[in-house]
Amino acid sequence: MAAELNKLSDKKLKALHGKERDAIEFFADGAGLSAKASKAGGISWVFTYRLDGKKLNRLTLGRYPDMPLKQARETRDKCRNWLASGKDPKLQFDLEMQESLKPVTVKDAIEYWIENYGRDNRAGIDKLIAQLNKYIYPNIGSVALSDCETRYWLQCFDKIKITSPVSAGYIFQLCKQALRFCRVRKFAISNALDDLTIPDVGKVQNKGDRVLTDSELGQLWRSINTNAHIPYYSNLLTILIVFGCRTQESKLSKCSEWDLNSMLWTVPKEHSKTDEKIIRPIPEYMKSFLEKLIRQNYKNTYLLGELKDGATVAQYGIKIWKKLGHTEKWTLHDLRRTLATKLNDMGIVPHVVEQLLGHALPGIMAIYNKSQYLPEKLDALNKWCERLDLLASNHDNVVILKAGKL
């Protein structure tokens with residue numbers, strides 16, 4: 001076999017190159033590789049092979065001297081490996097050439113993750129896409145992923161960090177996940193973010209601890225009932241405050257989820273952060289409100305009449321505290337923490353509060369305890385609705401009573 005390989009040499013190729021001849025000639029190097037010499041003296045590399053023992057195929061690999069002898073042999077060996085694996089060298093060679101001529105860009109890689117994972121598994125994906133369009137794509141989006149070194153990524157994150165260090169950390173975390181996703185699925189390879197952590201590029205988001213005071217909550221509840229907000233947000237706030245649900249659960253909620261005969265709201269698992277169905281009882285207090293919404297919006301599918309962008313909703317929620325003249329910032333998500341804290345203060349047992357919030361039960365309870373605690377949750381929501389009206393009634397001396405004493 002050794003005698004059949006590497007028959008050509010650089011000296012012989014230089015002698016053949018540029019020499020005119022009467023007919024095309026092939027000079028074998030061995031193992032399927034030949035130098036094809038044209039009449040005009042040009043030389044191109046050809047790999048000859050049979051696929052499944054059928055007709056002879058010839059694949060042009062490149063031109064000499066642009067592709068030197070060493071590279072031609074390496075390409076031949078790659079073709080032989082493809083052939084041994086049952087793959088057509090011509091098809092594989094063309095795919096590899098396309099990839100080298102049009103490499104996967106940073107934007108291509110991230111959008112591959114978004115379409116194949118992010119949209120179905122990440123809450124707030126619309127907000128992330130908006131941030132990518134603002135910070136990442138304009139700077140390095142068109143750069144080949146393989147050429148985008150760590151320093152170029154850091155330049156982007158450093159710009160975000162100046163005004164929004166938490167956002168920088170959040171975007172970094174998802175970009176890092178996107179690159180790993182592409183790498184695992186062999187779509188594109190980059191390790192540029194592997195050695196970085198959130199503190200290298202921004203700031204880890206602190207766990208919130210903001211709970212609205214009784215006075216603030218009472219004022220917010222009054223503002224809903226006095227048309228201080230446009231109808232979409234007034235209705236959204238009502239659902240968030242009463243049920244303590246996630247904004248996404250309310251925003252995506254469809255009229256069909258609300259069964260006013262059984263008085264149950266069933267959040268499908270695709271709308272739930274935990275990928276588990278959430279069932280909440282509907283207090284009688286909310287029946288007329290929901291009947292009106294369903295009557296108005298049933299043809300539009302969504303309970304709130306339309307599907308607003310998550311970033312738009314969050315932005316509105318951030319401004320409410322200022323609109324009401326509160327001294328400390330709060331967000332829509334803090335309404336969940338407020339409900340949880342105040343229900344516990346009222347004596348509602350913790351596992352019922354956790355079920356209302358749609359949290360998974362801890363430890364072994366999650367495996368063996370499949371109860372929905374519907375009567376207990378309904379009792380808690382009934383007491384909560386009474387509490388909201390009491391807080392909104394302008395009584396500054398309201399005292400929180402334990403659940404059993406209400």
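These points cover the nonpolar cores and the aromatic rings of the structure above.

1. The model is predicted, so local features need pLDDT of at least 70 and side-chain atom pairs count only at pLDDT 80 or more, while totals for chains, interfaces and linings use all residues. Residues are numbered from 1 along each chain as its sequence is written, and side-chain values use heavy atoms, with hydrogens and water left out.

2. The largest nonpolar core has 53 residues, and L220, F243 and L335 touch the most other members. A nonpolar core here is a set of buried Ala, Val, Leu, Ile, Met, Phe, Trp, Tyr and Cys residues joined through side-chain atoms within 4.5 Å. Buried means under 20% relative accessible area, exposed over 50%, and partly exposed in between, with a 1.4 Å probe and protein chains only.

3. Elements that each supply at least two residues of this core include helix 9 (214–225), helix 12 (287–297), helix 14 (334–345) and strand 6 (264–267). Helix 10 gives the most, with 9 residues. Helices (H or I, at least four residues) and strands (E, at least two) are DSSP runs, numbered from the N terminus.

4. Which residues does L220 contact, leaving aside its neighbours within four places in sequence? They are L212, L237, I241, I320, L324, W330 and L335. Contact means heavy atoms within 4.5 Å.

5. A second, separate core holds 36 residues, among them W113, W153, C156 and F157.

6. There are 13 aromatic pairs. Rings of Phe, Tyr and Trp (its six-membered ring) pair if their centres lie within 6.5 Å; planes under 30 degrees apart count as stacked, over 60 as edge-to-face and the rest as tilted. W45 and Y64 form an edge-to-face pair, 6.3 Å centre to centre with 85 degrees between the planes. This pair links distant parts of the chain, with W45 in strand 3 and Y64 in strand 4, 19 residues apart. W45 counts as buried because its relative accessibility is 0%, and Y64 counts as buried at 10%.

7. F243 and W265 have ring centres 5.4 Å apart and planes at 75 degrees, so this pair is edge-to-face. F243 lies in helix 10 and W265 in strand 6, 22 residues apart. F243 is buried at 0% relative accessibility, and W265 is buried with a relative accessible area of 0%.

8. Ring pairs also link Y112, W113, Y117, F181 and F187 into a cluster.

9. Two lysines sit over ring faces: K107 over Y137, at 5.2 Å from the ring centre, and K308 over Y232, at 5.1 Å. The rule requires NZ of Lys or CZ of Arg within 6 Å of the ring centre and within 35 degrees of the ring normal.
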